[in-house]
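Good morning, and thank you for making time for this presentation. I would ask you to keep the sequence and the structure in view while I speak.

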Amino acid sequence: MPAAEVEISADLVRRLLADQHPDLAGRPVEFLANGWDNELYRVGDGLIARLPRRALGAQIIKNEQRWLPRLAPRLPLPIPFPERTGLPALGYPHSWSVVPYLPGVPAAQAGSFDPAAAAAALGGFLGALHVPAPADAPANPFRGVPLAQRAGSFAANLALLTGQAGQELLDRDAVLRGWDAALAAPRYDGPPLWLHGDLHPANVLVNDGQVSGVIDFGDITAGDPASDLSVAWMLLPPGCHASFWSAYQTAGSAGGSRASWGSWASWGSRVRVDDALRARARGWALNLAIVFLAHSQDNPVLLEVGRRTLRTVLEDRPGG
């Protein structure tokens with residue numbers, strides 16, 4: 001995990017709230033977690049303050065502040081859209097947000113959940129999210145792009161694993177066969193669609209065994225939906241994939257929900273769920289599994305996500 005470039009503390013959060021949102025000043029503030037780009041603090045029972053811990057996170061926050069309030073009302077699962085925003089102050093150099101607290105734990109850490117219900121919930125969520133994005137949607141060179149653009153990093157990450165302890169059982173030939181099959185699939189030829197950008201099991205919340213929300217839209221972008229759809233292999237057993245794709249297609253073809261996007265929905269046809277889309281999504285799942293395995297030695301949660309994803313991809317038949 002990258003080192004923080006700015007010091008953040010509960011005391012700083014209290015002072016920023018008192019300065020810019022005084023009605024929240026009396027609520028208790030407690031550190032919750034930090035990710036690569038942001039630190040999170042509980043504010044009372046129902047809110048979270050989200051503050052960039054490095055410069056890259058500052059642009060992420062701005063993207064979330066601009067787009068998530070417009071996306072949230074149209075999605076069937078809760079997302080942490082900024083209810084309030086903050087400006088640089090008191091020596092802190094970045095914009096920041098206050099978002100709703102969403103109950104649940106990451107699916108990657110949940111003891112158990114209903115996979116069939118999760119397939120329907122996530123398929124429906126992505127079907128609603130994946131509509132044409134405006135021309136000024138955030139760019140992202142790592143998600144939503146043609147899979148072939150990740151070939152160099154895929155090869156480098158696979159090479160890292162070759163000499164890494166604990167990877168003796170990696171079936172390199174099977175991985176390469178799966179990768180070649182994904183690269184051979186026809187490229188996406190539709191308009192850039194809104195994407196979560198980083199949809200893996202640590203960013204899906206589960207509460208009482210059911211999917212309860214989707215978090216961390218820091219990589220929000222537009223492009224080929226296959227990168228988001230890789231979550232099918234990252235979270236679900238192959239036996240639930242058919243219901244995932246069915247829910248995705250049903251939500252994507254719902255005329256009423258698409259019409260509600262106004263000018264963003266100028267593309268009238270739905271995403272075509274076919275072998276090419278599934279092959280690209282499977283390739284993205286394989287790529288992300290190798291990423292997690294190569295770079296998560298200090299993150300046991302994502303390391304296990306990588307192991308489980310790789311196993312599911314290699315056990316599942318292409319087009320399944």
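I shall go through aromatic rings, a helix pair, and then several individual residues.

A word on conventions. This is a predicted model, in which local features need pLDDT of at least 70 and side-chain atom pairs count only at pLDDT 80 or more, while totals for chains, interfaces and linings use all residues. Residues are numbered from 1 along each chain as its sequence is written, and side-chain values use heavy atoms, with hydrogens and water left out.

Let me begin with the aromatic rings. A pair of aromatic rings is described by the distance of the centres and the angle of the planes. Rings of Phe, Tyr and Trp (for Trp, the six-membered ring) pair if their centres lie within 6.5 Å; planes under 30 degrees apart count as stacked, over 60 as edge-to-face, and the rest as tilted. By this rule there are six aromatic pairs. One of them joins Trp233 and Trp245: the ring centres are 6.3 Å apart and the planes stand at 65°, so this pair is edge-to-face. Since Trp233 belongs to helix α7 (residues 231–235) and Trp245 to helix α8 (residues 241–252), the pair ties together parts that are 12 residues apart in sequence. Helices here are DSSP runs of H or I with at least four residues, strands are runs of E with at least two, and both are numbered from the N terminus.

Are these two tryptophans buried or exposed? Both Trp233 and Trp245 are buried. The term buried means under 20% relative accessible area, exposed means over 50%, and partly exposed lies in between, with a 1.4 Å probe and protein chains only. Trp233 and Trp245 also form one aromatic cluster with Phe244 and Tyr248.

Two arginines sit over rings. The criterion is that NZ of Lys or CZ of Arg is within 6 Å of the ring centre and within 35 degrees of the ring normal. Arg278 lies over the face of Trp245, 6.0 Å from the ring centre. Arg42 has its charged end over the ring of Tyr101, at 3.8 Å from the centre.

I turn now to the helix pair. Helix α4 (residues 151–162) and helix α5 (residues 172–183) have axes that come within 12 Å and cross at roughly 170°. The axes are lines fitted to C-alpha atoms, for helices over the stretch in contact, and the angles run from 0 to 180 degrees between N-to-C directions. Angles under 35 degrees count as roughly parallel, over 145 as roughly antiparallel, 65 to 115 as roughly perpendicular, and the rest as oblique. Helices α4 and α5 are therefore roughly antiparallel to each other.

Which residues make the contact? Ala151, Phe154, Leu158 and Thr162 contribute from α4, and Arg172, Val175, Leu176 and Trp179 from α5. Contact means heavy atoms within 4.5 Å. These residues divide into six nonpolar, one polar and one charged. In that division Ala, Val, Leu, Ile, Met, Phe, Trp, Tyr, Cys and Pro count as nonpolar, Asp, Glu, Lys and Arg as charged, and the others, Gly among them, as polar.

Leu90 is not a glycine, yet its phi is positive, at about 55°. Leu90 lies in the loop between β4 (84–86) and β5 (96–100) and counts as partly exposed at 42% relative accessibility. Asp216, also not a glycine, has a positive phi of about 60°. Asp216 is in the loop between β9 (210–214) and β10 (221–223), and Asp216 is partly exposed, with a relative accessible area of 28%.

Ser243 is in helix α8 and is partly exposed, its relative accessible area being 32%.

Leu102 is in the loop between β5 and β6 and counts as buried at 13% relative accessibility. Leu102 touches Pro78, Ile79, Pro80, Leu205, Val214 and Ile215. Leu102 and Leu47 are 8.5 Å apart, C-alpha to C-alpha, and 55 residues apart in sequence.

Ser112 is in the loop between β6 (105–106) and α3 (115–129) and is exposed, with a relative accessible area of 58%. Ser112 touches Val206 and Gly209.

Note on methods:
Lists of a residue's contacts leave out its neighbours within four places in sequence.
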